[in-house]
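Morning, everyone. I'll walk through one model today, beginning with the contact between chains and then going into each chain in turn. Please have the structure open.

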Amino acid sequence: MSPKTQAIRTGLGRGWHEFELSLRSPQDQGFYIFMALVTLGYLWLNRNNELEGTSMLLPTFAMPSILGALIAFGLVIGPGYTLAMEREDGTLLRAKSTPHGVTGYVSGQVVFNAMGIIPMFIVILVPGMFLFDNLMQNGAAGWATVALVTVLGLLATLPIGIILGSLVPSVQKMGTWGFFPIMALTAISGIFFPIQTLWGWVQVVAQTFPIYWLGLGMRSAFLPDSATVLEIGDSWRTPQTLIILSLWAVAGLLIAPRVLGRMARRQSGSQVEAARHEAAQWVR
Amino acid sequence: MVNVETPPAIRVSDLRMRYGSVDVLNGVDFEVRHGEVVTLLGPNGAGKTTTIEILEGFRERSAGDVSVLGADPINASEDWRARVGVVLQSWRDHARWTPRSLLTHLSRYYEPYSTEERPRPYDTEQLLRMVGLEDQAEQKIRTLSGGERRRLDVAVGIVGRPELLFLDEPTAGFDPQAKREFHDIVHRLADLEDTTIMLTTHDLDEAEKLADRILILADGRIVADGTVDQLAREITRDAQVRWSVNGEQFVHATPDATRFVRELFTQHGDDIADLEVRRATLEDTYIALVQEFESGQGTDVALQVFEEASE
């Protein structure tokens with residue numbers, strides 16, 4: 001086996017191991033439960049709200065949209081944070097000092113972050129199915145679409161997370177660089193209410209990013225075709241969804257390795273040392 | 001085992017490094033032969049870490065020629081990486097992993113590089129025993145003590161059985177026993193595994209114990225290069241003689257202690273008491289040199305150092 005193939009295999013194993021560790025970690029369990037409580041709490045409080053002009057209840061509309069947004073959130077913020085942190089704490093430097101270690105490290109990140117969607121969906125969807133009626137209205141075909149949108153969403157957003165994690169100056173800057181932009185984008189992407197209620201130019205901005213299309217794709221999976229009355233053009237716009245998410249995926253997969261490589265080349269022990277001093281200062 | 005026939009493991013000539021408008025390295029030259037243990041000494045800010053990071057391929061130099069195991073480290077291949085070990089000062093990475101799982105994981109990257117004469121990687125259990133972490137093997141890394149963590153750093157650095165190992169201040173923060181154990185590991189790597197080792201330290205005693213040869217970096221240059229003995233003889237030739245006559249204490253620095261003591265006895269005979277002759281230690285040599293270069297004077301400061309010491 002070539003050293004590179006070996007490194008990728010080792011990296012995939014690394015990702016799986018990190019996933020196992022994460023499932024056993026009270027900190028990460030707490031995060032999943034928190035996300036579930038916030039999401040389900042919001043939907044429960046609005047369980048009787050009907051969307052304007054229709055008889056559709058808000059949770060029916062918002063649950064699939066939120067799942068779509070969570071893919072983007074998890075796969076941009078997740079690797080962004082991990083990478084920013086592991087640049088500082090020397091994990092990446094260790095990878096760099098190992099033959100094909102950075103390749104292995106990235107393989108691990110992909111597996112780890114992709115796997116993270118599974119517990120996130122489970123803690124939200126399983127109680128959600130009991131709390132709200134008629135969430136999934138398309139049966140097995142609907143679940144297949146969920147899987148497809150999830151995979152495409154992963155490809156479209158995970159590279160963004162890697163680029164973000166490579167460029168952000170420090171972990172403390174992740175709020176400004178990652179968290180707030182994603183929250184703002186989520187707010188205008190038709191996740192919690194139909195996008196047409198917003199100004200035209202805001203709709204245009206939202207539609208250039210993957211979050212809107214992830215929400216739309218998820219709604220097309222869960223909701224009946226009659227629900228398209230709430231969408232732009234009264235359609236699920238499936239071809240557009242596939243094209244735009246694919247474009248993001250292609251762009252990301254082209255750019256991310258370069259940005260990551262450039263960042264990795266600059267890693268050195270004294271940089272890690274400096275970050276360590278900085279963090280010590282920050283804590284005080 | 002120092003092999004003089006093959007090309008050196010490290011060859012550095014006219015290495016220069018400039019950060020902004022500050023010159024950190026102004027033409028560093030040295031060589032390290034295969035199997036040698038070389039210590040790089042120097043005051044804070046002299047450029048030790050910069051030099052090591054350039055050799056490790058983690059930092060781009062401003063100018064000069066550098067060859068490490070036959071390659072330029074800045075664009076060396078991943079295959080080169082497999083032959084070079086780096087001991088990093090870890091902090092909080094892999095906090096949830098255990099020493100055993102981390103070493104096993106990292107060792108897999110080296111499997112394709114195993115050769116007849118150098119089987120790679122180390123067996124994880126053997127490595128854990130070597131650094132004395134068998135009892136902590138299943139503990140979460142974040143629960144390790146500082147010393148245990150540094151021993152894990154050493155294990156990670158050598159997991160691929162490197163031909164060349166870099167250690168930047170490896171024993172900073174070690175207690176004396178941990179230091180002793182670490183020195184045993186270094187001796188073992190050098191003697192049994194034929195590993196070329198380059199380390200930096202602030203501990204002169206450690207440098208004396210470990211190094212075949214010492215390089216002193218001051219003012220961005222190598223100002224001394226030799227064995228501990230050579231440095232002591234060439235730079236601070238004087239030995240220090242202490243004695244007392246009728247309860248009164250005397251100190252004298254002299255290049256020829258034997259002759260001086262003989263004359264002393266001729267003069268005072270049995271009145272001489274508390275006689276003590278001390279060769280310059282590495283510390284004397286080091287301080288003399290560094291002071292000389294930092295003050296920019298080429299004068300014989302060694303004597304001055306002895307006078308200060310005797311006060």
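This is a predicted model: local features need pLDDT of at least 70, side-chain atom pairs count only at pLDDT 80 or more; totals for chains, interfaces and linings use all residues.

Two residues are in contact if their C-beta atoms, placed from the backbone, lie within 7 Å.

Look at the chain B side first.

Next, the strands of chain B. There is an open sheet of three strands, with antiparallel pairing, in the order 2-1-4. Strand 2 (22-32) and strand 4 (63-68) of chain B are at the edges with a single partner strand each, so one side of each has no neighbour in the sheet. On average, and ignoring direction, neighbouring strands here are turned by 25° against each other. Strand 1 (residues 10-19) and strand 2 of chain B run antiparallel and are joined by eight bridges. As one instance, B:R18 has B:D23 in strand 2 of chain B as its bridge partner. Helix 1 of chain B lies across strand 1, strand 2 and strand 4 of chain B, at about 60° to strand 2.

Now move to strand 6 (residues 164-168) of chain B. Is this strand mostly covered or mostly open? It is mostly covered, with five of its five residues buried. In a regular strand the side chains alternate between the two faces of the sheet. In strand 6 of chain B, B:L164, B:F166 and B:D168 point one way, B:L165 and B:L167 point the other way, and all are buried.

Strand 6 of chain B has parallel partners. Strand 5 (residues 84-87) of chain B runs parallel to strand 6 and is joined to it by four bridges, and B:V84 stands opposite B:L164. Strand 7 (residues 196-200) of chain B pairs with strand 6 in the parallel sense over five bridges, and there B:L165 stands opposite B:I197.

Over to chain A. Helix 7 (residues 139-167) and helix 11 (residues 238-266) of chain A pack with their axes 8 Å apart, at an angle of about 25°. That angle makes helix 7 of chain A roughly parallel to helix 11 of chain A, because anything under 35 degrees counts as such. The crossing of helix 7 of chain A with helix 11 of chain A is left-handed. Residues in this contact include A:G153 and A:P159 of helix 7 of chain A, and A:W248 and A:G252 of helix 11 of chain A. The residues of this contact divide into 17 nonpolar, three polar and no charged.

Last, one residue. A:L67 sits in helix 3 (residues 58-88) of chain A. Why does A:L67 count as buried? Because A:L67 has 28 C-beta neighbours inside 10 Å, and 20 or more is enough. Leaving aside neighbours within four places in sequence, A:L67 is in contact with A:F121 and A:M218. A:L67 and A:F121 are 54 residues apart in sequence, yet 7.2 Å apart in space, C-alpha to C-alpha.

Terms used:
Residues are numbered from 1 along each chain as its sequence is written. Chains are lettered from A and ligands numbered from 1 in the order in which they are written. Axes are lines fitted to C-alpha atoms, for helices over the stretch in contact, and angles run from 0 to 180 degrees between N-to-C directions. Helices (H or I, at least four residues) and strands (E, at least two) are DSSP runs, numbered from the N terminus. Angles under 35 degrees count as roughly parallel, over 145 as roughly antiparallel, 65 to 115 as roughly perpendicular and the rest as oblique. A crossing is left-handed if the near helix is turned anticlockwise from the far one by less than a right angle, and right-handed if clockwise. Ala, Val, Leu, Ile, Met, Phe, Trp, Tyr, Cys and Pro count as nonpolar, Asp, Glu, Lys and Arg as charged, and the others, Gly among them, as polar. Two strands pair if DSSP finds at least two bridges between them. A residue is buried if 20 or more other C-beta atoms lie within 10 Å of its own, exposed if 12 or fewer, and partly exposed in between; C-beta atoms are placed from the backbone.
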